[in-house]
Protein chains: 2
Amino acid sequence: MDYVAGVDVGGTHTKIALGERDGGILRQTRIQPNVRGTFTDLAEAVASVLREMQSAAGGTLAAIGIGNPGFTDRRTGVTVGGAPNVPCLHGNSLSRYLGTRWGVPAFADNDGTCAAAGELAWGAGRESSNFLIATLGTGIGGGLVLNGRIVRGARGFAGEVGHFCVQPEGFACVCGGRGCFEQYASATAILRLYQAKRDRRGLSVDRELGAEGVLAAAETGDILALQTVEEAARAIAQVFGTVTNLLNLDACIIGGGLSLAGDLLLRVVREKVADYTLPLFTDGVRVVRAELRNDAGVLGAAALAYTGVSEGKASPLTPTGS
Amino acid sequence: MDYVAGVDVGGTHTKIALGERDGGILRQTRIQPNVRGTFTDLAEAVASVLREMQSAAGGTLAAIGIGNPGFTDRRTGVTVGGAPNVPCLHGNSLSRYLGTRWGVPAFADNDGTCAAAGELAWGAGRESSNFLIATLGTGIGGGLVLNGRIVRGARGFAGEVGHFCVQPEGFACVCGGRGCFEQYASATAILRLYQAKRDRRGLSVDRELGAEGVLAAAETGDILALQTVEEAARAIAQVFGTVTNLLNLDACIIGGGLSLAGDLLLRVVREKVADYTLPLFTDGVRVVRAELRNDAGVLGAAALAYTGVSEGKASPLTPTGS
């Protein structure tokens with residue numbers, strides 16, 4: 001049986017899946033490679049697990065798709081910037097490494113774009129041809145589909161919704177800008193906003209509490225947690241509504257780890273999105289959770305491999321001067 | 001000789017041009033029809049001028065393109081909303097009216113989208129495949145090109161950049177939202193911002209002064225006018241930078257009447273756009289004036305006619321229930 005591999009490289013976990021044409025997952029695993037070591041360490045850790053998974057699955061691995069954080073040069077698979085949490089990727093191409101090793105076509109793209117590709121192939125894209133997905137995790141990534149096709153822009157970097165300015169005089173962002181979406185609705189931001197509210201009242205915050213914990217506290221009626229969720233939801237609604245006006249979207253999708261934490265966030269975003277959307281557009285846009293849940297990225301990397309092969313695209317195996 | 005007609009319907013002026021394949025204008029005129037009367041009054045005023053222009057030009061009119069304010073159903077040419085300044089368009093199709101009268105294919109789209117089509121065919125699109133044009137006039141319109149093609153979105157309404165939220169707690173907008181781009185950088189907004197600054201100092205404003213006058217005053221060193229231009233430029237830079245991050249654009253274009261008023265606005269926008277753009281994207285994006293100047297809309301309507309014919313698209317002549 002033929003299948004493809006999808007690899008979703010993250011700052012903490014890297015997910016690897018063997019995926020079938022219909023979006024089924026043959027095998028899936030999650031590793032914690034040392035992303036602060038050398039690129040070869042990371043690449044070998046992925047290769048070794050992939051080899052084991054393939055042995056166990058049997059059959060033929062037809063292609064490999066990689067979802068990278070930051071900005072990936074799609075021709076070469078090389079990370080050219082924007083991946084501070086996986087520094088060893090910079091200047092290197094995991095798709096070239098694995099593609100050469102296996103002798104199969106290999107493709108790489110941004111992880112948010114992969115999530116969009118996954119939803120397009122096997123998730124919300126079955127009902128929508130014009131959508132934005134925002135993946136809410138440690139940071140915020142994203143991907144865009146218009147007219148049933150992934151939007152890539154001039155250099156392949158489109159969909160970078162984490163640095164969408166939502167408050168021109170707002171919080172400073174690591175990117176050098178101000179008021180970026182990521183500073184209001186990522187897991188990091190939600191935790192920071194909640195802590196600030198507790199601090200102002202002299203209340204401590206459990207060290208183990210993550211953003212999921214804040215969402216859970218809001219569900220049980222914790223007022224400060226509820227206010228935090230309202231603020232994050234307002235930022236999400238602003239981005240969703242504004243982009244809907246700009247691109248006449250028919251769906252906005254919440255993906256990433258935070259999309260799994262109960263229904264409250266989704267419910268509040270739905271309430272608020274009309275505040276930022278032209279009346280004629282409001283009825284035409286659905287706000288939904290990623291159907292592939294937190295697997296949108298790794299399945300999307302697999303979708304990327306299928307699409308690349310079916311479109312007869314060359315894989316980025318040719319060595320470059322990087 | 002074959003040529004097409006482009007019609008750019010506006011709240012004050014309606015422009016009509018006979019355009020050639022290479023973007024040349026055979027003839028062009030501007031009329032001031034009564035847009036508050038009946039639709040037939042407007043349509044007949046346009047038809048009568050078009051007939052005269054055709055007689056004078058000789059040759060064959062091959063197709064008609066219409067740029068409408070607000071939201072146009074592209075299948076039928078019917079205006080379905082968002083054109084408060086030309087109320088008689090609502091529920092009616094000028095493209096169907098003129099197409100039937102002339103017995104030629106006729107196409108209609110939003111005026112900002114037409115401006116994008118014009119720049120794509122004969123203007124900035126010669127050097128750029130991924131751009132946003134914002135047309136700054138009484139209101140703000142816009143159009144988007146990605147991967148060398150016009151972006152239309154789910155219902156054909158994409159590019160509506162006038163209601164992009166730039167200040168979530170900002171000025172109320174006629175659309176029901178808050179802090180819309182149109183409230184900060186349209187001709188109306190620039191005049192209002194300037195007047196407010198003068199009012200606070202007990203200074204009067206010349207009744208005849210338009211937004212162009214404010215820009216001219218800024219060029220000569222009027223401090224309050226300069227501050228106004230700074231504010232408008234900051235809003236433009238925010239929209240350009242944010243959309244560049246989202247769509248990885250290679251150009252942002254200032255069009256519409258305000259683009260003609262000196263270089264100051266363009267210069268200040270260029271200065272500020274990096275504040276809102278990811279470092280990796282800043283070098284890749286040019287901020288320019290519409291090459292077709294204020295004719296982008298009417299030429300774009302002509303481009304629409306050429307594109308529709310060359311793509312073999314049916315024109316919206318079939319009567320519908322509207």
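Author: Two residues are in contact when they have heavy atoms within 4.5 Å. This is a predicted model, in which local features need pLDDT of at least 70 and side-chain atom pairs count only at pLDDT 80 or more, while totals for chains, interfaces and linings use all residues. Residues are numbered from 1 along each chain as its sequence is written, chains are lettered from A and ligands numbered from 1 in the order in which they are written, and side-chain values use heavy atoms, with hydrogens and water left out.

Reader: How many residues does chain A bring to the contact with chain B?

Author: The contact has two sides, and chain B gives 41 residues to it.

Reader: Which strands of chain A lie at the edges of the open sheet of 5 strands?

Author: Strands (E, at least two residues) and helices (H or I, at least four) are DSSP runs, numbered from the N terminus, and two strands pair if DSSP finds at least two bridges between them. The open sheet in chain A has the order β10-β9-β8-β11-β12, with mixed pairing. An edge strand pairs on one side only, and the edge strands are β10 (149-150) and β12 (286-289) of chain A.

Reader: Which residue of β11(A) is the bridge partner of Phe131(A)?

Author: Strand β8 (residues 131-136) of chain A and strand β11 (residues 251-255) of chain A run parallel and are joined by 5 bridges. In β11(A), the bridge partner of Phe131(A) is Ala251(A).

Reader: Which residue takes a positive phi in the hairpin of β2(A) and β3(A)?

Author: Strand β2 (residues 14-19) and strand β3 (residues 25-31) of chain A pair in the antiparallel sense over 6 bridges, and Gly19(A) stands opposite Ile25(A). Between the two strands of this hairpin there are 5 residues, and the residue that takes a positive phi, near 90°, is Gly23(A).
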